[in-house]
Amino acid sequence: MRILIVSQYFWPESFRINDLSLGLRERGHAVSVLTGLPNYPSGEFFAGYGLKGPWSDSMDGIPITRVPLLRRGSAKGWMLGLNFVSFAAMASLIGPARVTGDVDVIFVYEPSPITVALPAIVLRKLRSVPMVLWVQDLWPDVLQVTAAIRSPRMLGHISRLTRWIYRHCDKILAESLAFIPAIQAKGVPAERLDYMPNWAEAFYKPLCLEADAPERSEMPQGFRILFAGNIGESQALGVVLSAADKLRDKGHIHWVFIGDGRKHDWLQAEVKRRGLNEVVHILGRRPVESMPRYFAAADALLVTLRADPHYSWTVPSKLQSYMACGKPILGAIEGEGARIILESGGGLVAGAENPESLAEAALAFVSMPREDRNAMGINARKYFEEHFERETIIDRLEQVLIRVAGGDQ
């Protein structure tokens, strides 16, 4: 099967679509990619990329076609909007001419924006090829909760655009069970909609670090609660700083951040302003393949989201990575993410954006016997294997693509 992946984000940016493309190729399919110039999350073009290209690229032999776009910059308001629009426009206008060869099915990866589907719809029409959309973010809901757009009129236009896009998809996949009713409410019949969760790459697995592992020396001494991933608005990281402030007299509790994003500089400045440098540690970005080693050096892994109904529907993809590594999880989160943590027995849950609750949960972890924390990690790994294992989910997704390419839903 010849599969064209359309995604605004792709290697060398770190997104799960990279692993999916490799997984599909491992199964014997001819995979190609239409994407933009890498600039996430820093907002600056990666070294070697710019408005002069390169326009052809490859990842482990998978051919990549790139189109120009405006970089995210500070990812604020109009800059982020131009970034979204520029990819959709350029991929729609010049993508069809640059994508060569026959295609059996188009697969769209949509963590935001929904406009990534527009060039795929153009290709679907021009080449009479079916299209599958994998929804990672609900639009326009995500714009409302982040206050990226406040105008009811503009939100109405985007809602109508989303409905139009959904109508032109042959199949829609939802990364969270809680997305299903919201997508159906936009006129998508049940037979065109399936649940397809995220997984974790194969390198996410339980590890036992050597006593002299360099990752140990990078981490503070004491009880280490590690947050890894995007440092942005959605993560509501102020709650972590407030909880750290409440527990500052518990000098052995340390909060460690690994990652980058639009709130990284704010986080650093806020830690300094609050005088939390002794208990909050910001290590910066690390290669994604190295993360299981840092996880192994931590005592608990932290996932946070804003307190909003939209975010209660979302399952952060880091949750699968945490569970795969068999570590106990501390969630300042509600809805689907909280349900998974509690149902698995893999950790403790505090209220989203509730520093008192987060501080109490952190203290509960610290006072818990090590054997109980270890049991939580084992439970998390077992749940991952039952619900989010890589090969099983990619097999399911492959079957969806085969059916859609063959004319079945």
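Start by selecting E353, which sits in the loop between strand 14 (347-350) and helix 15; helices (H or I, at least four residues) and strands (E, at least two) are DSSP runs, numbered from the N terminus. E353 isn't a glycine, yet its phi is positive, about 55°. With a relative accessible area of 40%, E353 is partly exposed (buried means under 20% relative accessible area, exposed over 50%, partly exposed in between, with a 1.4 Å probe and protein chains only).

Before you move on: this is a predicted model, where local features need pLDDT of at least 70 and side-chain atom pairs count only at pLDDT 80 or more, while totals for chains, interfaces and linings use all residues. Residues are numbered from 1 along each chain as its sequence is written, and side-chain values use heavy atoms, with hydrogens and water left out.

Now select A236, in the loop between strand 9 (223-228) and helix 9. A236 is another non-glycine with a positive phi, of about 50°. Is A236 buried or exposed? At 11% relative accessibility, A236 counts as buried.

Step along to helix 9 (residues 238-246) and show helix 10 (residues 264-274) with it: their axes come within 11 Å and cross at roughly 20°. Axes here are lines fitted to C-alpha atoms, for helices over the stretch in contact, and angles run from 0 to 180 degrees between N-to-C directions. Helix 9 and helix 10 are therefore roughly parallel to each other (angles under 35 degrees count as roughly parallel, over 145 as roughly antiparallel, 65 to 115 as roughly perpendicular and the rest as oblique). On the helix 9 side, the contact is made by G238, L241 and S242; on the helix 10 side, by W266, L267, E270, V271 and R274. Contact means heavy atoms within 4.5 Å.

Stay on helix 9 and colour its buried residues: V239, V240, L241, A243 and A244. What do the buried residues of helix 9 pack against? Turn the view and you'll find strand 10 (253-258), helix 10, strand 11 (280-284), strand 12 (300-304) and helix 15 (355-367).

Next, the cores. A nonpolar core is a set of buried Ala, Val, Leu, Ile, Met, Phe, Trp, Tyr and Cys residues joined through side-chain atoms within 4.5 Å. The largest one has 107 residues, and I106, F107 and I183 touch the most other members. Helix 17 (residues 390-405) gives the most to this core, with 6 residues. Apart from it lies another core, of 31 residues, including I225, L237, A359 and M368.

Zoom in on I183. Leaving aside neighbours within four places in sequence, I183 is in contact with V135, L138, Y166, I172, A174, V188 and L193.

From there, pick P140, in the loop between strand 6 (131-135) and helix 5 (141-145). P140 is buried, with a relative accessible area of 6%. Beyond its neighbours within four places in sequence, P140 is in contact with L155, I158, S159, T162 and K186.

Last stop, two cis prolines. P41 is in the loop between strand 2 (30-35) and strand 3 (56-59), and the peptide bond from Y40 to P41 is cis, with omega near 5°. P54 is also in the loop between strand 2 and strand 3; a cis peptide bond joins G53 and P54, with omega about 5°.
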